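Please examine the sequence and the structure shown here before reading on.

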Amino acid sequence: MDDLSISPIYDTPANRYLNAAAQRLSCGNMLATYKRHGFHWDAEQFEEKWQDNKNFAVRLNGEWIGFISLKSLKDMVYLRDLQLVAQWQGRGIGSTCLSWLIDCLSKRQPHDILLRLRAFSDSPAIALYERHGFVRLEEPFTPTRAGGIIAMQRKVKTGARAMTSSEMSLHPLRHDAMAESSAASLQ
């Protein structure tokens, strides 16, 4: 694979365009599915969630091709979004992104953590998640007009070694000043 990079998106004037690009990408990728399942796109809700989540730009050879959006909860990380530009889907990039995320989380101390997500029951991404160790939860299925929404999760075991400072700067759960200054130099 060419040069794939994943870096934090900080709320700075220079990065505001990424919020709009992420919303267009997510809406473009999901609108037909939303309609099929009886939902509508809610731009305000996307904006609210974007501000509340930890977001990462996915770039290939320097070109923005997607994003990852995470919500950190007690003892769990919720994968809110993994969206890629259509021409880059089905080429192993989503798998690489999941591997990166799982690797970062495995280095989190001091305990194991759950990685959870929700997907439409007819989503082709379910096979990707299952290949990465996600299992469907037994919690109630959320019915929709064209199937439903399922919850999936996997346990991420923590590693024994501590992260280096460069690994910490890109960690999905880091929000401190050191992480911001280190990662800012990478953008």
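## The largest cavity

The largest cavity is lined by Phe-46, Lys-49, Trp-50, Asn-53, Asn-55, Phe-67, Ser-69, Arg-80 and Asp-81. The model is a predicted one. The space in this largest cavity amounts to about 30 Å³, and the structure holds one cavity of 30 Å³ or more.

At least two lining residues of the largest cavity come from each of H2, strand S3 (63–73) and S4. The greatest contribution is that of H2, with three residues. Sorted by class, the lining of the largest cavity comprises three nonpolar, three polar and three charged residues.

## The largest pocket

The largest pocket has a volume of about 1300 Å³. Its lining consists of 40 residues, among which Met-30, Asp-81, Gln-83, Ser-123 and Tyr-129 lie nearest the centre of the pocket. Two or more lining residues are given by each of helix H1 (16–36), helix H2 (43–52), strand S4 (76–84), helix H3 (93–106), strand S5 (113–120) and helix H4 (125–131).

S4 gives the most to the lining of the largest pocket, namely seven residues. By class, this lining divides into 19 nonpolar, twelve polar and nine charged residues.

## Aromatic pairs

The count of aromatic pairs is ten. One of them joins Trp-41 and Phe-46, a tilted pair with 5.7 Å from centre to centre and 35° between the planes. Trp-41 and Phe-46 are both buried.

Ring pairs also link residues into a cluster, which consists of Tyr-34, Phe-39, Trp-41, Phe-46, Trp-50, Phe-67 and Phe-120. Phe-46, Trp-50 and Phe-67 of this cluster are among the residues that line the largest cavity.

Notes:
Residues are numbered from 1 along each chain as its sequence is written. This is a predicted model: local features need pLDDT of at least 70, side-chain atom pairs count only at pLDDT 80 or more; totals for chains, interfaces and linings use all residues. Side-chain values use heavy atoms; hydrogens and water are left out. On a 1 Å grid over the protein atoms alone, a cavity is a set of points where a 1.4 Å probe fits but cannot get out, and a pocket is an open set with protein on both sides within 12 Å along at least five of seven lines; lining residues have an atom within 4 Å of a point. Grid points are joined across faces, edges and corners, and a volume is the space filled by probe spheres set on the points. Helices (H or I, at least four residues) and strands (E, at least two) are DSSP runs, numbered from the N terminus. Ala, Val, Leu, Ile, Met, Phe, Trp, Tyr, Cys and Pro count as nonpolar, Asp, Glu, Lys and Arg as charged, and the others, Gly among them, as polar. Rings of Phe, Tyr and Trp (its six-membered ring) pair if their centres lie within 6.5 Å; planes under 30 degrees apart count as stacked, over 60 as edge-to-face and the rest as tilted. Buried means under 20% relative accessible area, exposed over 50%, partly exposed in between (1.4 Å probe, protein chains only).
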